[in-house]
Amino acid sequence: MKQPSTILQQVIADMRVREERGLMKYGTTVDRTDLTQAQWLQHAYEEALDLAIYLKKVMSMKAHV
């Protein structure tokens with residue numbers, strides 16, 4: 001099998017770090033079973049909103065260059 005791209009390797013490394021941070025902060029992983037589907041969707045929605053804000057911020061910075 002061909003070696004994964006360096007970008008994919010970096011993303012995987014970032015995901016591992018994020019998993020470890022979450023484990024340290026919350027004491028669990030997404031394997032937890034105490035949240036409903038609606039709660040998982042709410043978490044994902046809030047993360048997507050944060051992403052939209054970060055993207056808009058960077059876009060506004062580029063516009064002023």
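**Reading a predicted model, feature by feature**

Colleague: Let's start at Q3: is this residue buried or exposed?

Modeller: Q3 is exposed, at 58% relative accessible area. Here buried is under 20%, exposed is over 50%, and partly exposed is in between (1.4 Å probe, protein chains only). This is a predicted model, so local features need pLDDT of at least 70, side-chain atom pairs need 80 or more, and totals for chains, interfaces and linings use all residues. Residues are numbered from 1 along each chain as its sequence is written, and side-chain values use heavy atoms, without hydrogens or water.

Colleague: Where does Q3 sit, and how far is Q3 from T29 in space?

Modeller: Q3 belongs to the segment before helix α1 (helices are DSSP runs of H or I, at least four residues, numbered from the N terminus). From Q3 to T29 is 26 residues in sequence and 28 Å in space, C-alpha to C-alpha.

Colleague: Which residues make the nonpolar surface patch?

Modeller: I7, L8, V11, I12 and M15 make a patch of about 440 Å². Patch members have over 30% relative accessible area and no salt bridge; nonpolar side chains (Val, Leu, Ile, Met, Phe, Trp, Tyr) are joined within 5 Å, like charges within 9 Å. Areas are Shrake-Rupley values with a 1.4 Å probe. V11, in α1 (residues 6-26), is partly exposed at 40%.

Colleague: And which side chains meet in a salt bridge?

Modeller: Side chains of opposite charge can pair when their charged atoms come close. The side chains of R32 and D34 do so at 2.7 Å, N to O (the cut-off is a Lys or Arg side-chain nitrogen within 4 Å of an Asp or Glu carboxyl oxygen). A search of the whole structure finds one such bridge. R32 is partly exposed at 29%, whereas D34 is exposed at 52%.

Colleague: What about A38: which helix holds this residue?

Modeller: A38 lies in α2, a helix that covers residues 37-63. A38 is exposed, with a relative accessible area of 53%. Between A38 and M24 there are two separations to read: 14 residues apart in sequence and 24 Å apart in space, C-alpha to C-alpha.

How values were computed: Helices (H or I, at least four residues) and strands (E, at least two) are DSSP runs, numbered from the N terminus.
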